[in-house]
Amino acid sequence: MNILSEGRRLGRVQVPTVTLAHGGGGKAMKDLIDDVFVGAFGGGAGVPLEDQARLALSAFAAHGDRLAFTTDSFVIDPLFFPGGDIGKLAVCGTINDLAVGGAVPLYLSCAVIVEEGVAVDLLRRVASSMAEAARAAGVSIVTGDTKVVHKGACDKLFVTTTGVGAIPAGRELGVHRAQPGDVVLVNGLLGDHGAAILAARGDLALETPIESDCAALNGLIAALLESAPGIRSLRDATRGGIATVLNEIAQASRVSIEIDEAATPIREEVKAFCEILGLDPLYLANEGKIVAIVPRSEAEAALAAMRAHPLGAAARIIGEVLPGGASDTGRVSMRTVFGGRRIVDMLVGEQLPRIC
Amino acid sequence: MKYVDEFRDRDKAAILVREIGALAACIGRQIHIMEVCGGHTHSIFRYGVEGMLPSRIELVHGPGCPVCVLPIGRVDACLGIAEQPGVIFTTFGDAMRVPGSRKSLMQAKAEGADIRMVYSPLDALAIARANPEREVVFFGLGFETTMPSTALTILQADREDIANFSVFCNHITIVPTIRAILESPDLELDGFLGPGHVSMVIGTAPYEFIARFHRKPMVIAGFEPLDILQSIWMVLKQIKDGRAEIENQYARVVPEAGNAAALRAVAQVYELREFFEWRGLGSIEHSGVQLRAEYARFDAERKFAIPNISIADPAACQCGEVLKGLIKPWQCRLFGSACTPETPLGALMVSSEGACAAYHQYGGKVQRAETA
């Protein structure tokens, strides 16, 4: 439903918790949408809500010649964690998925599935967090949907965001474009999000000061592409961590990638967390980190552009692209701090803590 | 990280690698050293230790991964318990993916069984306390490293009289298995890296027979890569000097006499089983423990009347030969084709500490390419 509407009186929810009535399509639902979402995302007075957002093509044409379009669902537990919450994550995640394609992110949708019994205040907090993240990143949330399901049919709150943006003419980033001689950059410390979420679930009885790195990277990426227009590929290193992203690039580009453990920036607390649980930080999720494959000639410019941005202060060159083997393409390896060398493969499933 | 980085020092490693090279040259033949413990296997691959060693030295990755050696029949028994109505089945994380004959615990969880990952048996006991109307079963798994914590949890349950808690005991003991390997007629081992954390509990005395009767050196080793290099150097030194002794490289953690309190709890709660079956190795005498009759009410095997089914490993599996060092993982006819980490057939592919899974994840392709 389009929420870029004006001149209409906004409803307000009078009860503390969401019930199935709020998903029924009647006044209760309208009040919930008005109170929680329309209020937070903007608009409100004047035009009636429509079933769709109507966006001027000129808004896209001003930024580029192609549309970028992506969607992502968020089912994180816990909903609020050090460094963010499901709302901020849903906005930043979709913005980042657009931005790593070279696009200028412009509009988002927000669909929520709410379990009956969830506090309306919780939804207000999530919506206001989404609005804040979108505002900070310069994108608008322009349409959405709300469903309420029976207790147990979902875990408190699921959020889906879809995003559209425009790709400037001539910009061609691609996972298949890495070439031998290129260098591998990251914009900062790796594994914070994964470690923060595992710790926040509370069943490890480990207290850590680690916060999620959840952030919208469109500003950093715009500055980066300005300084290093020859960048071959950008990827955000979310689920599966940097190891998974590097493997995807190596396989698609039919090259080998070698990273240097000593140059790979990982917080001491994250290293210690992984030591205790038998996890590998290379596979931990990030929500504010990109991997950039950059031609060597632009490496310094790219590094300087990253470091000049607040979200890239700890940026590092962590490795290089090498020719793929004749029979064995797509390999990622790491020179260990110890002086050895090992393969960094894709994970089969999720990482499981080791027994001893 | 303090007290960790010191044991990963590249310069000290380079010196040790040189010394190891000199000793190996002096000995002048192929040397096979088995690291018994899966934790060592994991470190060796994680830090690329194997590739730093001279080609004369071959590391044989032993049976010390409790998840890997769990037989199919026991996994099926877990599923039999976990799928009963009202049961909460608790387990360490890395046992979730081990395939039984029909499915793994992870698949059973997806189908609706209440299976929860815990980090300690005490977590399982807490779940039992919080859910008095449910039967809570802990999947007791591991060598002497984890055996005491399960024993102490049972003693705690006994003191608190928590009747809805029980343990499905699959704890195993490493020494009889080392003996079985040493008595195997096709043995090709020159020495051992001894398990560090097991020895922290049992001390060094139980290994004496290895030196005395089998004339093989063993060095009890820590888990950092420098520990492992130094222990390899110590084994080589013994071989060169013509000695066969049990030495302790991991003295900062392993007391010669072990941990008396842990051993007391183990002796109080468990007794040896006559036989226990190992995936890849078959049935080994006195290699597993079960709860004593005094603690029968905490014994899931008695509570749930689980049949002791033995299910043979797939016929084509060569896990046993890999465990004994007769072939390398990539020489197995199933490696990487029928048997992969996604669809493991054999014991050694199931856990990240298993030799085949480690080769597959950290270096199998390289190794194979070099062999081809």
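**View 1. Arg66(A) is partly exposed at 29% relative accessibility.** The class boundaries are under 20% relative accessible area for buried, over 50% for exposed and in between for partly exposed, with a 1.4 Å probe and protein chains only. Asp65(A), with a relative accessibility of 49%, is also partly exposed. The side chains of Asp65(A) and Arg66(A) form a salt bridge with an N to O distance of 3.0 Å; the term denotes a side-chain nitrogen of Lys or Arg within 4 Å of a carboxyl oxygen of Asp or Glu. The model is predicted, and local features need pLDDT of at least 70, side-chain atom pairs count only at pLDDT 80 or more, and totals for chains, interfaces and linings use all residues. Residues are numbered from 1 along each chain as its sequence is written, chains are lettered from A and ligands numbered from 1 in the order in which they are written, and side-chain values use heavy atoms, with hydrogens and water left out.

**View 2. A salt bridge joins Arg335(A) and Glu258(A), with the closest N and O atoms 2.4 Å apart.** Distant parts of the chain are linked by this pair: Arg335(A) belongs to strand β12 (residues 332–335) of chain A and Glu258(A) to strand β9 (residues 255–260) of chain A, 77 residues apart. Helices (H or I, at least four residues) and strands (E, at least two) are DSSP runs, numbered from the N terminus. Arg335(A) is partly exposed at 30% relative accessibility, whereas Glu258(A) is buried at 9%.

**View 3. An open sheet of four strands in chain A has the order β1-β6-β4-β5 and mixed pairing.** Strands β1 (66–74) and β5 (140–149) of chain A are the edges, each pairing on one side only. Two strands are taken to pair if DSSP finds at least two bridges between them. Strand β4 (residues 104–115) of chain A runs parallel to β5(A), with nine bridges between them, and Ser109(A) has Thr143(A) as its bridge partner in β5(A). Helix α1 (residues 27–41) of chain A packs on the sheet and touches β4 and β5 of chain A, its direction making about 150° with that of β5(A). Such angles run from 0 to 180 degrees between N-to-C directions, the axes being lines fitted to C-alpha atoms, for helices over the stretch in contact.

**View 4. Thr146(A) lies in strand β5 of chain A.** Thr146(A) has a relative accessible area of 7% and is therefore buried. Apart from neighbours within four places in sequence, the contacts of Thr146(A) are Met29(A), Leu32(A), Ile33(A), Phe37(A) and Val112(A), where contact means heavy atoms within 4.5 Å.

**View 5. The contact between the chains involves 33 residues from chain A and 43 residues from chain B.** About 3,200 Å² is buried between chain A and chain B, 59% of it on carbon and sulfur atoms. Buried area is the accessible area (1.4 Å probe) that two parts lose on being put together, summed over both. One salt bridge is counted between chain A and chain B: the side chains of Arg8(B) and Glu275(A) meet at 2.7 Å, N to O.

**View 6. In chain B, Lys237(B), Asp241(B), Arg243(B), Glu245(B) and Glu247(B) form a network of salt bridges.** Arg116(B) forms a salt bridge with Asp114(B), their closest N and O atoms lying 2.9 Å apart. Arg116(B) is partly exposed, at a relative accessible area of 29%.
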